[in-house]
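The entries are in the order I went through them.

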Amino acid sequence: MYTVDLNCDMGESFGAYRMGSDKEILNYVTSANIACGFHAGDPSTMRNTVQLALEKNVGIGVHPGLQDLVGFGRRNMDITPREAHDLVTYQIGALYAFVKSEGGKLQHVKPHGALFNMAAKNTRLSEAIAEAVYKVDPELILYGLSGSELVKAGKKIGLRSAHEVFSDRTYQHDGTLTSRRLPNSLVKNHASAVNQVIRMVKEGKVTSVQETDVSIQADTICIHGDGESALDFAKYISQALKDADISTKKISYFL
């Protein structure tokens, strides 16, 4: 049987604005990436999401993003490696405090949005992020796009590093994600998304938008918690993976 981690971006509500169905989705995933206030989230949302994840025995991860609430952290910013190091350190510290105060333990760090995609290609940026994670806690697991510079940087510095794949995103021929600014960036059909995931897990391949096969490693699968049908898809993919003899467990259990 194949084993993967199923992760979801969470804790993205902010003040009076509610986003996602975190409480319900936590019944179907094994790890949660919790926003830390830079691209989304706020202190109370962080605490509440940590409590919910602990109740469900879901692995808790830091989801550090660029300081861009208006753009939801999905717009590139011209930051230096030192700035990347510091903003990741800062956000790890913020979530660590809530996890520690609730009696839990951090499992992983997964950069968000534009920071994640920038680090996938930029060696210096990825090394700065990996260094920030390692210096805070070398036992943390670093999530990066499968085959990316971020995964390489994590392994180079001595972190356990997880190759992440995406259920609801399309891929380019070089293994990067299609920009959200393009019309074909999302896989909206549930069956198509799941078929893409199952092939990535079992065959180590994904078909790019250029219709070429790209080699890929799937340690952890990302689903997004902010879509209109996020909860329905969480239920759907959880059952579909079981039906395909793919077991889901927290990444810390098998990596």
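**Entry 1: a surface patch**

Which residues make a nonpolar surface patch of about 330 Å²? I found that Phe14, Tyr17 and Leu69 make it. My note on the term: patches take residues with over 30% relative accessible area and no salt bridge, joining like charges within 9 Å and nonpolar side chains (Val, Leu, Ile, Met, Phe, Trp, Tyr) within 5 Å. Areas here come from the Shrake-Rupley method with a 1.4 Å probe, and for residues only the protein chains shown count as cover.

Before going on, I wrote down that this is a predicted model, where local features need pLDDT of at least 70, side-chain atom pairs count only at pLDDT 80 or more, and totals for chains, interfaces and linings use all residues. Residues are numbered from 1 along each chain as its sequence is written, and side-chain values use heavy atoms, with hydrogens and water left out.

I then looked up Phe14 and found it in the loop between β1 (2-10) and α1 (22-25). Helices (H or I, at least four residues) and strands (E, at least two) are DSSP runs, numbered from the N terminus. Phe14 counts as partly exposed because its relative accessibility is 38%. The cut-offs: buried is under 20% relative accessible area, exposed is over 50%, and partly exposed is in between (1.4 Å probe, protein chains only).

**Entry 2: strand β3**

How many residues of strand β3 (residues 59-63) are buried? Five of its five are, so I wrote it down as mostly covered. Gly59, Gly61 and His63 point one way from β3, Ile60 and Val62 point the other way, and all are buried.

Next I checked the neighbours. Strand β2 (residues 31-35) pairs with β3 in the parallel sense over five bridges; two strands pair if DSSP finds at least two bridges between them. Ala35 stands opposite His63 in β3. To get from β2 to β3, the chain goes through helix α2 (residues 43-55), and this β-α-β crossover is right-handed. That word means that, with the strands pointing away from the viewer, the path from the first strand over the helix to the second runs clockwise.

β3 also pairs with strand β4 (residues 106-109), in the parallel sense and over three bridges. Gly61 has His108 in β4 as its bridge partner. With helix α3 (residues 81-101), β3 and β4 make a right-handed β-α-β unit.

**Entry 3: strand β6**

I moved on to strand β6 (residues 160-166), which is mostly covered, with six of its seven residues buried. Strand β5 (residues 141-145) runs parallel to β6, and five bridges join them. Leu145 stands opposite Glu164 in β6. β5, helix α6 (residues 149-157) and β6 make a right-handed β-α-β unit. β6 is also joined by three bridges to strand β9 (residues 220-224), again running parallel, and there Val165 has Ile221 as its bridge partner.

Is His163 buried or exposed? His163, which sits in strand β6, counts as buried at 8% relative accessibility. A polar atom of its side chain lies 3.1 Å from the backbone nitrogen of Gly147.

**Entry 4: Lys110**

Lys110 is in the loop between β4 and α4 (113-121) and counts as buried at 2% relative accessibility. Which side chains does the side chain of Lys110 contact? It makes a polar contact with Asp9 (3.2 Å) and another with Glu164 (2.9 Å). A polar contact is a pair of N or O atoms within 3.5 Å; within protein, one must be able to donate a hydrogen and the other to accept it, and residues adjacent in sequence count only if both atoms are side-chain atoms.

**Entry 5: salt bridges**

Side chains of opposite charge can pair when their charged atoms come close. A salt bridge is a side-chain nitrogen of Lys or Arg within 4 Å of a carboxyl oxygen of Asp or Glu, and by this rule the count comes to 10.

One of them joins Lys156 and Glu127 (3.4 Å, N to O). Lys156 lies in helix α6 and Glu127 in helix α5 (residues 123-136), so the pair ties together parts that are 29 residues apart in sequence. Lys156 is exposed at 67%, while Glu127 is partly exposed at 33%.

I also looked up Asp213 and Arg199, whose side chains meet in a salt bridge (2.8 Å, N to O). Salt bridges that share partners also join Asp9, Lys110 and Glu164 into one network.
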